[in-house]
Amino acid sequence: MNMILSAQNVSKAYGSYQALRDVSLNIGDTEFVSIVGPNGAGKTTLVNVLTGLSRPTSGSVHFSGRSIAGIGPVRLAAMGMARSFQLVNVFPSLSVWESIAVAVSSRQGKARNPFATLFKSRQIDDEVQRVAATFGLSQKLTTTTGELSQGEKKLLDIASAFALRPRAILMDEPTSGVASADKYDIMELLVKAARLQGVGTIIQVEHDMTLVARYSHRIVALQEGRVIGDMTPDAFFKDPLMLEAVIGPAHSKQAQSAGETLLC
Amino acid sequence: MSALPETLPASTPAARPLLLGGVGPLVILLVGLAVSPVLLSAYATVTLMPVIAYGIAVLGMNILFGYTGMLSFGHAMFLAIGAYCAAVATQHGILSFEWILLVASGVGASIALIVGALCVRFTHIFFGVLTLAIGMLLHSFLFKFYDLTGGDQGMRVLRPTLLGQTWDMSATQFLSGPFYYYCLVVYVVFVLVTYRMIKSPVGLHLQAIRDNENKARYLGVHVYRLRLGAFVLSGMLGSIGGAMLGVSTGLADPELAYWTQSGNLIFMLVLGGAGTFSGPGVGALIFVLLQDIAASETQYWRFLLGATLTVLVLALPDGLLGTLSKYRGPGKNPGAQP
């Protein structure tokens, strides 16, 4: 496994508030990493720094060997990293086909020519069909996104990010706003889609500890802007200190047993 | 790491992109404009001339507002730029209308590039107010710099040559005959060009920016570059329309840059339906007819226009064609199909 994303001694301050303190992290090109921690631990700040959206106050961030500090979303996408957000983020008046085609045509570099074909392009259509089929959206291609159910919008949101065929994807709570019964379906889909689309690295911020336990190769725990733990799920769920720091004393027993059951 | 799976998922038969809709009304309008000189009096045809000029201008504004989501309140500045280009050119011996159109497009696009570089960083009301302010700056310039621009008198636009031919006929004959058809052909060409563009990945990316610029960025859409491109194109089309207006009235008038003129353009856009491909052209026709009929009946014609717009926004927020296409069938949304 090669390292694809690395942060070295990253600190980020907003005025006098220190959101990240000396965070170092190396993520491999075939890893599924979960970032966990209580509210205000700095998870979102870390993801923002790791995706080049905000520039660290000190320290460096590299993606496949190049510095990405503050490069912004467009160049990030071109470099092979995608990101999805906690809240559903879609194009309400575009159809499902068009929404996926935005990503496909941008990856294929088709949006440089104002007279390139879109609807008649086999190259775009094939890829859109394939991504839609992976996410179970084939029957909805002509539907306007605004008319989809909340769950379908979430799927489309993630599908369009996967359509970029990124090498790494960062997801802020991919299952938020989804009924807990459907969370596993979404996660299964994500893992399958990653395999189909050649996405090697998945990094997620997640609160649902059973999901974290089941899918992660590695868990990075944050508290008050510091990395307090970087370990396998196995080690994480056996460590009462970790559980107490991340989810609080009241629930840690419960999570520990949940983790143990899942890991067995 | 290999990216592609061995077997591709089967594609489904139902999966076709949304079909093109809504070019029908524009085709009817163009055919109507083409036969008007045959059916109508020369005088009536001349009154239709602005439909073509405004039609071209709102074609550009539709790309900027209807497809990219940026409403410019100062777009009349480009009408004025086109008209003054025609005036300066014809007064300096450049009488070929081909050259006039080239000069107007070039100057319009260059100014749009500068103004756009400043303005498209902002969206919504900030963009609108900035364009309004710059439009008013131009108006003051045209109005006050008497020596250069003729001030409130404006500048005369001489009759141009078309395809190297001089036309020895009355103004009405010229404007309802060769000049009318020349402009109509230019209009048709730009309808085809912009239609092709809207149906390209670039057009899709513009609509993605309109819908959700943040999401678009994360999918690799060059938001700033495309917004600027849309602004430059709309400025260029505005100048071409302005050059035509200048020739048809024989005058480049500072009032062309006044903000009420920008309001008229927005009126046409909203009336016909921004974001539908045909809407703005139809809006231009209705606006010109309303203005002509109402202005000949009453001096309060602006009141009538205002009332029409109020009713329209309340009752048909998607414009005439946007509302029509909504009722055409299930799954068809005016935003989703140009």
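Analyst: A residue counts as buried if 20 or more other C-beta atoms, placed from the backbone, lie within 10 Å of its own, as exposed if 12 or fewer do, and as partly exposed in between. By that rule, 53% of the 338 residues of chain B are buried. The model is predicted, so local features need a pLDDT of at least 70 and side-chain atom pairs count only at pLDDT 80 or more, while totals for chains, interfaces and linings use all residues. Residues are numbered from 1 along each chain as its sequence is written, and chains are lettered from A and ligands numbered from 1 in the order in which they are written.

An assignment, automatic or from a database, sets the domain bounds. Chain A is divided into domain 1, made of residues 1-80 and 166-264, and domain 2, residues 89-164. The C-alpha centres of domain 1 and domain 2 of chain A are 27 Å apart. The contact between them takes 14 residues from domain 1 of chain A and 10 residues from domain 2 of chain A, where two residues are in contact if their C-beta atoms, placed from the backbone, lie within 7 Å. Helix α6(A), residues 180-197, gives seven residues to the side of domain 1 that touches domain 2, the largest share.

Helices (H or I, at least four residues) and strands (E, at least two) are DSSP runs, numbered from the N terminus. Two strands pair if DSSP finds at least two bridges between them.

One sheet of chain A is open and has four strands in the order β2-β1-β4-β5, with antiparallel pairing. The edges are held by β2 and β5 (66-67) of chain A; each has a single partner strand, so one side of each is left without a neighbour in the sheet. Helix α1(A), residues 43-50, packs on this sheet and touches β1, β2 and β4 of chain A. The direction of α1(A) makes about 125 degrees with that of β1(A); axes are lines fitted to C-alpha atoms, for helices over the stretch in contact, and angles run from 0 to 180 degrees between N-to-C directions.

Within this sheet, β1(A) (residues 3-14) and β2(A) (residues 17-28) run antiparallel and are joined by eight bridges. Across that pair, Ser6(A) stands opposite Asn26(A) in β2(A). The hairpin of β1(A) and β2(A) has two residues between the strands, and Gly15(A) there takes a positive phi near 60 degrees. Further along the sheet, β4(A) (residues 58-63) runs antiparallel to β5(A), with two bridges joining them. His62(A) has Ser67(A), in β5(A), as its bridge partner.

Another open sheet of chain A has six strands, ordered β6-β7-β8-β3-β9-β10, and its pairing is mixed. Here the edge strands are β6 (81-84) and β10 (226-231) of chain A, each with a single partner strand, so one side of each is left without a neighbour in the sheet. From one strand to the next, the twist averages 15 degrees. The pair of β9(A) (residues 218-223) and β10(A) is antiparallel and has five bridges. In that pair, Ala221(A) stands opposite Gly229(A) in β10(A). Helix α5(A), residues 150-162, lies across β6 and β7 (168-172) of chain A, at about 170 degrees to β6(A).

Ala159(A) links this account to the core. Leaving out residues up to four places away in sequence, Ala159(A) touches Ile100(A), Val131(A), Ala132(A), Phe135(A) and Leu137(A). A nonpolar core is a set of buried Ala, Val, Leu, Ile, Met, Phe, Trp, Tyr and Cys residues joined through C-beta atoms within 7 Å. The largest such core has 187 residues, and those with the most contacts inside it include Ile100(A), Ala159(A), Ile52(B) and Ala243(B). The largest share of this core, 16 residues, comes from α2(B). From chain A, this core draws at least three residues from each of domain 1 and domain 2.

Helix α2(B) covers residues 42-67 and holds Val58(B). Val58(B) is buried because 34 other C-beta atoms lie within 10 Å. Beyond its neighbours within four places in sequence, Val58(B) is in contact with residues including Leu265(B), Met268(B) and Pro280(B). Where the chains meet, 38 residues of chain B are in contact with 47 residues of chain A. Helices α8 (178-198), α9 (201-211) and α10 (213-218) of chain B each give two or more residues to that side of chain B, with α9(B) giving the largest share, seven residues.
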